[in-house]
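The following exercises concern a single protein chain.

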Amino acid sequence: MLKQLAWNTFKKTGNIDTFMEFKQIKEMEKKIEEEKNGNNKDKRNYIS
């Protein structure tokens, strides 16, 4: 849903920042899920 909202905003405004922010949010969510699941074995490589 968030991806569709970001894409529609980009199409209407031509502002790539919204879509790029979406990509950053997705990466943060992915890292959080990995950490919750214990998949992040090397904590030193974690970028906050």
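**Exercise 1. The chain as a whole**

What does the accessible surface of the chain come to, and what percentage of it belongs to carbon and sulfur atoms?

Solution. This is a predicted model, in which local features need pLDDT of at least 70 and side-chain atom pairs count only at pLDDT 80 or more, whereas totals for chains, interfaces and linings use all residues. Residues are numbered from 1 along each chain as its sequence is written, and side-chain values use heavy atoms, with hydrogens and water left out.

Step 1. The accessible surface (Shrake-Rupley method, 1.4 Å probe) comes to about 4,500 Å².

Step 2. Of this surface, 54% belongs to carbon and sulfur atoms.

Step 3. The chain has 48 residues, and 8% of them are buried; buried means under 20% relative accessible area, exposed over 50%, and partly exposed in between (1.4 Å probe, protein chains only).

**Exercise 2. The helices**

Determine how the secondary structure is made up and how the helices are arranged.

Solution. Step 1. The chain has 2 helices and 0 strands; these are DSSP runs, numbered from the N terminus, with helices (H or I) of at least four residues and strands (E) of at least two.

Step 1. Helix H1 covers residues 2-13, and helix H2 covers residues 16-37.

Step 2. The two pack at an angle of about 160°, with their axes 7 Å apart. H1 is therefore roughly antiparallel to H2, a term for angles over 145 degrees, taken between N-to-C directions on a scale from 0 to 180 degrees.

Step 3. Contact means heavy atoms within 4.5 Å. Among the residues that make it are Trp-7 and Phe-10 of H1, together with Phe-19 and Phe-22 of H2.

**Exercise 3. The salt bridges**

How many salt bridges does the structure hold? Identify the partners and describe their exposure.

Solution. Step 1. The structure holds 2 salt bridges; the term requires a side-chain nitrogen of Lys or Arg within 4 Å of a carboxyl oxygen of Asp or Glu.

Step 1. One joins Glu-29 to Lys-26, with the closest N and O atoms 3.5 Å apart. Both residues lie in helix H2, 3 residues apart, about one turn of the helix. Glu-29 is partly exposed at 38% relative accessible area, and Lys-26 is partly exposed at 41%.

Step 2. The other joins Lys-36 to Glu-33, at 3.8 Å from N to O. This pair also lies in helix H2, 3 residues apart. Lys-36 is exposed at 64%, whereas Glu-33 is partly exposed at 40%.

Step 3. Why can such side chains pair? Side chains of opposite charge can do so when their charged atoms come close.

How values were computed. Angles under 35 degrees count as roughly parallel, over 145 as roughly antiparallel, 65 to 115 as roughly perpendicular and the rest as oblique.
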